[in-house]
Every structure is written in structure tokens, then in C-alpha cells.
Amino acid sequence: MKKFDVAIIGAGSVGLPLSFFLAEKGLKVSVFEKMPSEGRGQNKAAIGGIRATHSDPAKIKICKLSIEIVSRMEREYGVDIDWIDGGYLYPIYDEKNETALKELLKFQKKFDLNIDWIARDDIEKLTPGINRGNLRGGTYSPEDGSASPLKLADSFYMLAKNSGAEFYFNEEVTSMSLQNGRITQLTTNKDRYSAGIVINTAGASARDIGKMVGLDIPVYPDSHEAGITEPVKRFFKPMIVDIRPDKQSANYYFYQNKEGQVVFCVTPYPKIPGIDIDNTSEFLPLVIKRMVNLYPRLRNLRVRRTWRGLYPMTPDGFPIVGYTKEVDNFLLAVGMCGQGFMIGPGLGKIVSEIIVDKTNKYDDILEQLTLYRSFSGEEILK
Amino acid sequence: MGRIEKHPILSIPENRKSVKFFFNCKELYGYEGEIVSSALIANGIKEFAIHQKNDAPQGIFCANGQCSHCTLIIDGFPLKSCVTPLKAGMDIRTLKHLPELPPDNRPLEYYEKRELKCDVLIIGGGPSGLTAAMELAKLGFSVVLVDDKERLGGKLLLQTHKFFGSIEDCYAGTRGIDIASKLENEVRTFSNVTIYKNTSVVGIYKDRKVGIFINNRNYALVSFNGLVISAGAREKSLIFPGNNLPGVYGAGAFQTLVNRDFVRSAERVFIVGSGNVGLIAAYHALQAGIQVVGICDILDRFSGYKVHADKIKRMGVPIYLNHTVLSAEGNGKVEKVTIAEVDNNFNPLLDTAKTYKVDTLLIAVGLTPVDEFYDMANQFGFKVVKAGDAEEIAEASSAMFGGRIAGLEMAKKLGKDITIDDSFSEKAEILKSNPGKIFRRKEIKLNENFQPVIFCQEEIPCDPCTSICPIHSIKLEKIYGNIMDIPKYEGKCTGCQMCVAICPGLAITLARKVNDEYAEVVLPHEFIPDFKVGDKIPLTDQEGVFLEDGEVLKIRLNKKFKTFLITVRTLLKNGANVAGIRIQDKSVTEPLPEPSFNYLPENGIVCQCEMVSVKEIVDYIKEHHVRDVNQLKQIRVGMGACGGKNCSTLLPRVFEMAGVDWEEVTQGTKRPLSVEIPMYALINEKVVE
């Protein structure tokens with residue numbers, strides 16, 4: 001039976017950077033992935049936005065670190081992951097949202113986040129041709145940005161592999177043996193393994209993995225659809241998030257990636273729970289009318305492809321991170337609620353330090369994101 | 001380059017309105033309403049866009065709206081020129097790298113969601129889709145039939161040759177284009193069939209709806225109970241250095257330019273692939289007045305019907321078996337092509353290379369079914385059947401039959417209590433058959449009366465000669481007891497020449513002995529004769545070997561079959577062997593005195609949309625331990641406009657080159673949309689002209 005220091009379940013947005021940071025620190029790391037290659041679960045469905053401008057301390061801290069890591073990938077590791085610091089723009093068209101975002105700004109500024117309210121004209125400079133009717137201004141955070149999920153996943157995979165991590169693709173963990181409150185063995189569809197620490201980074205399948213050791217981890221996927229257009233010359237800079245709800249959707253957002261393609265996604269309302277990722281006919285007419293209304297010149301852009309991905313949701317919208325009380329060597333990094341791509345790099349680094357360096361400098365994050373919280377809160381800015 | 005002014009089979013539309021337009025500020029003329037790409041090609045323009053990667057020039061590629069190679073800036077908008085109609089005064093410009101999105105800031109004022117309902121949605125209005133529609137309509141189902149072309153008929157529209165098969169079941173002896181009109185007229189008699197032309201399928205959705213893109217303008221969602229997929233086939237591509245140059249494209253795209261748009265898209269073509277598609281493309285080129293320098297095939301036998309190959313050889317086109325293409329080269333477009341013999345392992349023998357001066361290289365190396373809609377519908381658990389090439393690549397004759405069966409099968413799935421006659425599937429199977437054995441032709445002794453001489457010795461599903469003979473003197477040898485059998489002449493001949501006129505393979509002549517020195521032979525000819533009575537013309541045997549210059553005695557046009565019947569005087573000894581008239585001089589097919597080429601097989605392009613080469617992919621597969629096609633998306637393979645439709649058939653070979661067993665490799669995921677669609681169409685925004 002092969003033995004490892006760490007076994008990571010899931011080679012996705014969280015598991016991949018984590019595997020690299022652990023292997024880089026010299027640990028013997030294995031990664032088990034039921035899909036045939038890296039990032040083929042929900043990572044590939046991410047549209048690529050990375051922001052630190054959240055509304056809670058843990059995600060702000062983690063994602064600040066993510067941006068630091070991702071923006072330096074090219075300089076530090078020589079890999080091009082299509083990072084662009086285009087910022088995030090929330091254009092605001094009504095008083096209620098203006099008040100709410102301005103209130104949130106006060107909180108965000110406490111964490112040294114580079115974000116401000118900007119005027120209508122400044123918005124138009126960032127997004128020439130945006131619908132000015134009733135536009136009141138908005139918040140803009142120039143240090144947020146975007147990267148290619150495909151390229152970032154592959155880069156962490158290659159870095160991890162080159163640092164000695166072992167990847168087992170097409171290999172699904174089917175059961176885990178417990179002895180005296182510790183996982184002693186992992187069984188997959190192919191073989192058996194043992195590891196000092198087992199980390200659940202199984203994304204949409206996190207709850208299934210938890211059940212193998214008798215834990216009920218409250219991660220329930222729902223689905224969102226996304227699309228991408230043909231490439232055109234860059235014509236706007238930021239990720240645009242329109243937080244106005246309508247009858248069928250809560251909000252939607254889009255940006256232009258480094259290839260020049262506009263990538264877009266909508267948050268359906270009501271939620272669509274479940275793990276179905278086949279495309280529906282509802283998505284395009286719904287999101288496109290909203291996008292063209294907000295940004296008329298998009299009308300002449302051709303949509304190229306669409307897909308649907310899962311948001312592994314927790315009841316309060318925040319991730320679940322940390323060792324479990326019931327099983328000594330079982331660590332959770334799950335429930336990313338659709339933000340695994342932006343949380344993954346920072347969280348991977350943090351978890352690696354918690355495991356290897358036994359640091360306590362992230363205790364506040366662990367406290368906020370513990371499995372043993374009440375899950376009664378709700379995120380201000382989703 | 002230019003227009004096809006006269007054509008032996010097709011009638012060239014008259015009184016088309018000539019309009020002025022501008023290409024890169026230069027004044028040019030084209031016909032109003034014709035496809036922009038065709039207008040440009042008629043004006044000798046082949047380079048449409050410059051790709052952002054390596055500044056690679058791009059020309060017409062699919063001629064079918066599927067890729068984005070032919071994108072041009074038309075009146076300020078980046079548009080696919082192969083689906084954009086020409087208007088007077090259009091300002092057309094080369095697209096360099098990525099286009100700019102026009103600053104069209106008019107607020108959105110109107111949008112709507114359009115929905116349609118039907119019992120059965122049929123995707124593809126070719127031979128199988130049309131016949132399926134009629135069967136379903138007869139049974140009372142409401143049918144919506146969508147087709148992405150301007151006219152119904154699918155590939156029938158491009159087929160100027162007479163059909164194989166049998167008269168009773170599939171219009172044998174009638175030309176494809178004429179069958180298309182017959183089928184269209186017939187389907188239009190059913191009021192419960194709604195037809196959407198110029199309409200592509202954008203996506204099949206889980207909630208049992210299909211999104212369609214109508215007239216490049218609107219989007220509608222169609223709800224249905226059953227789905228018939230008769231979307232035809234797409235051409236396979238081939239990897240060789242220079243395969244991305246403007247002037248390299250599929251035989252189907254070529255036929256579109258020549259037979260639909262009447263554009264003489266080339267001066268000199270070379271064709272890769274000797275299947276029926278390649279052979280017929282050569283024939284169509286010759287009919288359009290384009291020189292065909294040669295055809296090559298990597299196999300040791302041609303894969304099309306022998307009668308087609310013979311016909312091509314008689315016209316004066318050499319077919320090089322055991323040969324592959326080494327490279328296509330030229331400055332911004334194809335100027336020369338080099339071929340070479342291959343060894344037993346299909347590796348090229350470079351010292352056998354021959355270089356030809358050509359301006360176009362047609363790829364006709366096979367077809368793959370457009371069956372992704374079927375797979376997706378099946379996966380979603382919809383009631384779905386497929387027909388025609390989407391089911392299995394075969395002749396259109398069998399597709400017509402297959403369509404009827406598919407229609408009936410769908411009716412059954414939808415609860416109609418019907419039985420499908422067993423003979424239907426038997427016939428469909430026969431019509432689908434690959435060519436069988438080739439027999440030796442028996443020596444024929446001529447006498448004073450005309451008699452048919454039949455140059456048809458290969459088992460193919462075809463028998464119109466037996467039905468057309470007024471006194472039934474042509475019968476099939478009874479081996480299988482079906483139309484695969486070989487025809488033979490027995491009994492008397494009235495000299496009516498109908499068998500000569502109808503034979504789709506041009507494989508029947510009438511011959512008689514005049515005296516001890518001469519014979520008289522009636523030959524079928526599908527070209528406008530460039531000779532007159534009394535001229536001497538070069539005559540060849542069945543496989544194109546020159547026999548003699550024979551005197552033309554009579555020229556007659558059989559209007560029904562649009563076939564000239566040329567009576568020639570030959571030497572008696574040649575009378576039973578003369579099979580055709582050479583129309584292309586040998587000098588046309590000569591290679592350059594010395595081969596000249598760069599052989600860099602790794603430079604061949606695999607993903608044409610994103611210009612990713614063999615070398616880039618092979619290196620990436622090795623470096624990144626790729627065992628999943630999806631991983632190649634990181635280097636943009638399959639991320640372009642066509643969504644991997646063109647390169648997916650090439651990938652097994654590329655993985656093999658990287659030393660990876662294709663069996664181990666996970667296939668790429670297919671997602672909608674199947675064609676790109678502008679946002680204004682998706683929301684049916686009203687246009688303000």
C-alpha cells in the first residue's frame with residue numbers, strides 16, 4: 001500500500017494549488033481525482049474573475065493572498081495564466097444599492113482594500129458606451145482582476161507534479177477506513193493508499209466524501225450557466241457586475257479576457273439546486289437581454305459557446321475550512337460557493353502553512369470558516 | 001478566376017444585377033445578393049483575413065458558416081463573408097487580427113423571445129430530411145424542417161451528375177440538382193410541414209428545446225416531441241505543411257463556389273482523395289472550365305466507384321495511387337503542391353516527389369457524420385432518430401430511402417401503430433453498399449446493328465439502364481438478385497440511345513460495325529462540345545488510354561438527361577473499346593521539371609481556427625502528460641469558432657505522433673453553441689436600417 005504524508009481528494013481549484021504548496025514544502029503529496037485530468041470538475045466552469053473585495057474578513061484575507069500569488073505567477077514561475085488587473089466594477093442605477101455599497105465601502109476600506117465609489121464619467125472611461133441612463137456611479141476596485149481557469153489549473157498541476165506530487169486521475173475515492181478517530185486507509189476504484197492527513201477539496205462532491213467518515217458537511221451544489229463570445233479587440237477593462245435582480249436572475253457579470261473574448265455568467269433566481277450541468281434554453285435569452293441593455297454595443301458580438309457549472313453552496317454562503325473534531329487527520333477546504341477559483345490559490349497557501357508550519361496566524365480565518373459555526377449568517381455582497 | 005459563363009449542366013442565371021462595392025477601397029463589381037466571399041473570389045481575391053497568430057493569411061475554408069476563416073470587416077462590422085449577401089456600395093475590408101467591436105451605442109429598445117412548437121423537428125433538409133418530412137407529414141404530424149442553406153436539397157444541390165441507384169426508388173439517372181427541386185416541390189405540397197431555410201441549429205437544450213438561428217437575424221426556441229437528425233456530413237481535414245494556406249479547402253466548399261455560386265474559383269486544382277467526392281469534384285471542376293492537374297490517394301486503389309474514376313481518367317486527369325501530399329506552398333496563397341509516393345507504411349518517399357503549379361488544393365479525404373446533435377438528444381433522453389449521412393456516410397440515393405425509414409421510425413416512437421416494410425431497410429442497405437468485386441469485361445464483336453457496349457464491371461448499386469431500355473435487352477446478371485449485380489446486354493437493340501444517355505457512370509456506348517475498316521460509336525458527353533461535325537477528336541478506352549483521333553459524325557443533345565450524344569467514326573478494332581473523349585490536354589498535368597518543396601510535416605496545422613500546429617500539440621502532449629483532449633484547450637485547440645468540428649478527426653493521429661495510445665485518451669466535451677450567433681439575434685432585437 002502506497003503511503004503519503006497528505007492525500008488530497010479532488011484536483012480542482014482548491015486541490016491543485018494546495019498540492020503544489022504542500023509539495024513545495026517537501027511533503028509527499030498524492031492527489032486523487034475521479035475526472036481524467038486536472039481542473040475538470042468545476043474549475044473549468046469558472047469564468048476567471050478574482051477579487052479580494054468581499055464583504056467578510058476571511059474571504060478578503062484569503063483572496064488578497066490569491067491575487068498576490070496569481071499576479072506573480074508569470075514573474076515567479078514563468079507561466080502565463082492570462083492575468084489581467086482589470087478591476088471589478090459595480091455600476092449602480094438606484095439609490096438603495098448606492099446606499100448599500102457605500103456602506104460596505106467603509107467596511108472594505110478597513111481591510112486596506114483598494115476600492116472606491118467612482119462617478120458616472122469615470123465609469124464610462126472604463127466601459128465606453130455603457131448605458132448612462134440613471135447610472136449613478138459605482139464602486140471600482142482596480143486591483144482585482146481575472147485569469148484563465150484552464151491555464152491556472154494546468155500551471156498548478158505542472159508545478160505540483162514537478163515538485164513531486166503524485167496525481168491519480170480517473171481514480172475515485174470510494175471509501176475511507178477509520179481507526180481510533182483517524183483515517184487509516186483510502187480505497188479508490190483502483191487501489192488502496194494511506195496518508196498522514198486527508199484533505200477534502202472535492203468541490204461539489206465534498207458532502208459525499210464527508211459521509212465516508214460519518215460527517216455531514218453541509219455542501220449542496222446548485223448550478224449557474226455561463227457563456228463566452230468570439231474574441232474582439234479589448235474595448236472595456238473591468239469585470240462588470242450588475243447586482244440588480246430581475247424576475248429570473250439575481251445578478252449577472254461579465255468581463256473581457258486576455259484573448260479578447262467576453263465571458264459572462266448569471267445567478268439564477270430562484271436557485272437551481274442539483275448537479276445537472278447540461279445547458280438549458282433559458283440562459284441565453286435571459287442573460288443577453290440584460291447584457292445588451294446594460295452595454296448596448298455588445299449586441300453585435302457573437303456568442304460562441306455556453307456551459308453550466310456547479311456552485312458548491314453552504315447554508316450561509318461561506319466556505320468551510322479546517323480540521324474536523326470527529327476525525328483527527330481529516331481537513332476540509334470545501335463549500336467555496338462558486339468562488340473556488342479565486343479562493344483556491346490563497347487558501348492553498350494558507351492551508352499548507354497551517355499543516356506544515358503549524359502556524360496560528362490564520363486562526364481568525366479558521367474560526368470564521370469552521371464547520372462548527374451556526375451557518376445562520378448571510379453574505380452581504382454575493 | 002472569374003465567373004462561369006457557360007456550363008453543360010447548370011443554367012447560369014441571367015439578368016443578375018451587377019453592383020459596385022469596395023474591397024480595401026478598391027472598386028469592384030459583383031452581383032447583388034450573391035454571397036460576399038463568392039463575389040470576392042470571382043474578383044480574384046483569396047486572402048480575406050490575417051490571423052493574429054503568426055500573421056497567417058486566411059481564405060475561404062468551409063464556405064458554410066461553420067468556421068470564421070472568411071471573416072471580413074463589412075461596413076464596419078466583422079461578418080462571416082460566406083453567409084453575408086452582397087449589397088451595392090458595401091465597404092469590405094481585410095480583417096487583420098482581432099476585429100474591433102463597432103461603438104454601436106443605441107439603447108436596447110425592443111427584444112422578444114420567439115418560440116415554435118411542432119410534433120417533429122427535422123434538422124437538415126437534404127435528401128434524407130426531406131423524405132423523412134414527407135413520411136411524417138403523410139401520417140399527420142406537424143413538422144418543422146430547418147436547413148442552413150438558401151435552397152433545400154443539401155448536397156443534392158451541388159451534384160450535377162446523374163444519380164446511381166434505381167429509377168423506382170431513388171430517381172436514378174436524374175441529376176442531384178433536379179432531384180432537389182422535385183423533393184422540394186413535393187414537400188411543399190404538405191401544409192403541415194413548415195420550412196425554415198437559411199436556418200442553423202445553435203444548440204440542443206436539456207429542457208427539450210432546440211435553438212435555431214433564422215436568416216442570420218433571429219433566434220427561436222423550438223419545442224418538439226421527436227427529433228430527426230439529418231444534418232449530413234462534414235469533410236475531414238488533412239494535416240500537411242501549408243494546409244492552412246488560402247486555396248486549400250474541402251471539395252464540398254469548392255462545389256459550393258462552383259455549382260451554387262457559379263464562380264470559377266480556380267484556374268488549376270489538384271485533388272487529394274479518390275473517393276466519390278474527390279472524383280466528382282474533379283468532374284465538376286472540368287465542367288466549370290477549371291484544369292484538374294491530378295488526383296492522389298494514399299491507398300493503392302481508388303475508393304470511389306470505378307465508373308467515376310474511369311470517367312475522370314478518360315477526360316485526361318491522372319490519378320496517382322499510393323501517393324500523398326507533401327506540402328502546399330506559396331506566398332499568401334497556394335501556388336504549388338508537391339506529392340510523393342508512399343512506402344508500405346504510408347511514409348513518403350521524398351525522392352519520388354513531383355511538384356505541380358496549382359492555385360487550389362482540394363481536400364476530399366472522406367466525410368464524418370454530423371451526429372453530435374443526435375448524441376446530445378440521446379443523452380437527454382429525447383425521442384430521436386438519425387438519417388442520411390448523419391447516420392452513416394453513403395450515397396444520396398440511399399439517404400432518400402433512409403430518410404423515409406427514419407420518418408416512419410419516428411412515427412412509431414411517437415405512438416403511431418405502423419409497420420415498416422422489411423423491403424425498405426433491405427433496399428436502404430443495398431443502396432448504401434460499398435463497391436464490390438470488379439469483373440473482367442468480355443470481348444465484344446460488333447455487327448452492323450447498333451448494340452450497347454457496357455463499361456460497367458464493378459458491383460455498385462445501380463440499374464437505370466435496365467429500366468430505360470424499351471425492349472428490356474439490358475438485364476442484370478443474377479448473382480445477388482439485386483441492383484448490385486452487373487448489367488449485361490442480351491437480345492436486340494433499337495438504337496434509341498437511352499441507355500447511353502441515362503447511365504450515371506457514362507459507362508455505356510452504342511457501337512456498330514460500318515464496314516471492315518470502320519465502326520460508328522455513340523458516346524455520352526457532359527461538356528459543351530468544343531468541336532463540330534467533321535472534326536477529329538481524341539478518343540480513349542475505358543481507362544483513359546488514347547486510342548485514336550476519330551471523326552465526329554453527329555452531335556445531338558438529349559435534353560431530358562442534359563447529355564450530349566456524340567457519334568464518332570473509329571477504326572473497327574477500336575469500336576468496342578472507345579469509351580470517351582479526352583477533353584484535357586496532357587500538358588496541363590505535367591509537373592514542374594524539378595520538384596521543389598520544404599518537407600516540414602510538423603508545421604501542418606491541426607486546429608485551423610486557432611492556428612495550432614502539429615508540433616505545438618505534440619510537444620504539449622508530451623510535456624503535460626496529456627491524456628484528455630480537454631487539456632488541449634489550454635493551448636486553444638478546439639476553442640475557436642468551429643468548436644473542434646474540423647480538428648477532432650485529426651487528433652487520434654496527433655496523439656499517435658506524440659506516442660500516446662488514442663484508446664487511453666478521454667474525448668473532448670462538446671458544448672453548444674454549434675454556430676456563433678450575435679447577441680442581437682438571440683434577443684430578436686429589431687433592426688433600424
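Me: How many bridges join strand 12 of chain A to strand 16 of chain A?
Reply: There are 10 bridges between strand 12 (residues 220–231) and strand 16 of chain A. The two strands run antiparallel. Keep in mind that this is a predicted model.

Me: Which residue stands opposite Y220(A) in strand 16 of chain A?
Reply: That is M313(A).

Me: What sheet are those strands part of?
Reply: An open sheet of nine strands, with mixed pairing. The order is 5(A)-6(A)-4(A)-13(A)-14(A)-15(A)-12(A)-16(A)-41(B).

Me: Which are the edge strands?
Reply: Strand 5 (116–118) of chain A and strand 41 of chain B. Each of them pairs on one side only.

Me: How does strand 41 of chain B pair with strand 16 of chain A?
Reply: In the antiparallel sense, over two bridges. Strand 16 of chain A covers residues 302–313. In strand 41 of chain B, I677(B) is the bridge partner of V303(A).

Me: Where does helix 4 of chain A lie?
Reply: Helix 4 (residues 95–110) lies across strand 4 (88–92), strand 5 and strand 6 (137–141) of chain A. It runs at about 145 degrees to strand 4 of chain A.

Me: Back to the two chains. How many residues of chain B are in contact with chain A?
Reply: 43 residues of chain B are in contact with 40 residues of chain A. On the chain B side, strand 14 (199–205), strand 15 (209–214), strand 41 (677–678) and helix 16 (679–682) each supply at least two residues.

Me: Which of those gives the most?
Reply: Helix 16 of chain B, with three residues.

Me: And what classes of residue are on that side?
Reply: The side of chain B that touches chain A has 21 nonpolar, nine polar and 13 charged residues.

Me: New topic: domains. Which ones does chain A have?
Reply: The domain assignment gives domain 1 (2–74 + 149–219 + 316–368) and domain 2 (84–145 + 221–313) of chain A. Their C-alpha centres lie 28 Å apart.

Me: How many residues are in contact there?
Reply: 24 residues of domain 1 of chain A are in contact with 27 residues of domain 2 of chain A. On the domain 1 side, strand 3 (49–50) and helix 2 (57–71) of chain A are the elements that give two or more residues. Helix 2 of chain A has the largest share, four residues.

Me: What about classes on that side?
Reply: The domain 1 side divides into 13 nonpolar, 10 polar and one charged.

Me: Now helix 6 of chain B. Is it largely enclosed, or exposed?
Reply: 12 of its 12 residues are buried, so helix 6 of chain B is largely enclosed by the rest of the structure. Among the buried residues are N276(B), Y283(B), H284(B) and Q287(B).

Me: What do the buried residues of helix 6 of chain B pack against?
Reply: Helix 5 (251–260), strand 21 (268–272), strand 22 (291–297), helix 7 (306–315), strand 27 (360–363) and strand 28 (367–369) of chain B.

Me: What span should the helix have?
Reply: Helix 6 of chain B (residues 276–287) has 12 residues, and at 1.5 Å a residue they should span 16 Å. Its end C-alpha atoms are 16 Å apart, which agrees. Just after the helix, G289(B) takes a positive phi of about 80 degrees.

Me: Which residues other than glycine have a positive phi?
Reply: F375(A) is one of them, with phi near 60 degrees. F375(A) sits in the segment after helix 10 (363–368) of chain A. N322(B) is another, at about 55 degrees. N322(B) lies in the loop between strand 23 (319–321) and strand 24 (323–329) of chain B.

Me: Why does N322(B) count as partly exposed?
Reply: N322(B) has 18 other C-beta atoms within 10 Å. A residue needs 20 or more to be buried, and 12 or fewer to be exposed. F375(A) is also partly exposed, with 15.

Me: Last one. Where are there cis peptide bonds?
Reply: One runs from Y269(A) to P270(A), with omega near -5 degrees. P270(A) is in the loop between strand 15 (261–268) and helix 8 (283–294) of chain A. Another joins P672(B) and L673(B), with omega about 10 degrees. L673(B) lies in the loop between helix 15 (651–657) and strand 41 of chain B.

Methods
Residues numbered from 1 in each chain as written. Chains lettered and ligands numbered in written order. Predicted model: local features only at pLDDT ≥ 70, side-chain atom pairs only at ≥ 80, totals over all residues. Contact = placed C-beta atoms within 7 Å. Nonpolar A, V, L, I, M, F, W, Y, C, P; charged D, E, K, R; others polar. Pairing = 2+ DSSP bridges. Domains from an automatic or database assignment. Expected span 1.5 Å × (residues − 1). Axes fitted to C-alpha atoms, helices over the stretch in contact; angles between N-to-C directions.
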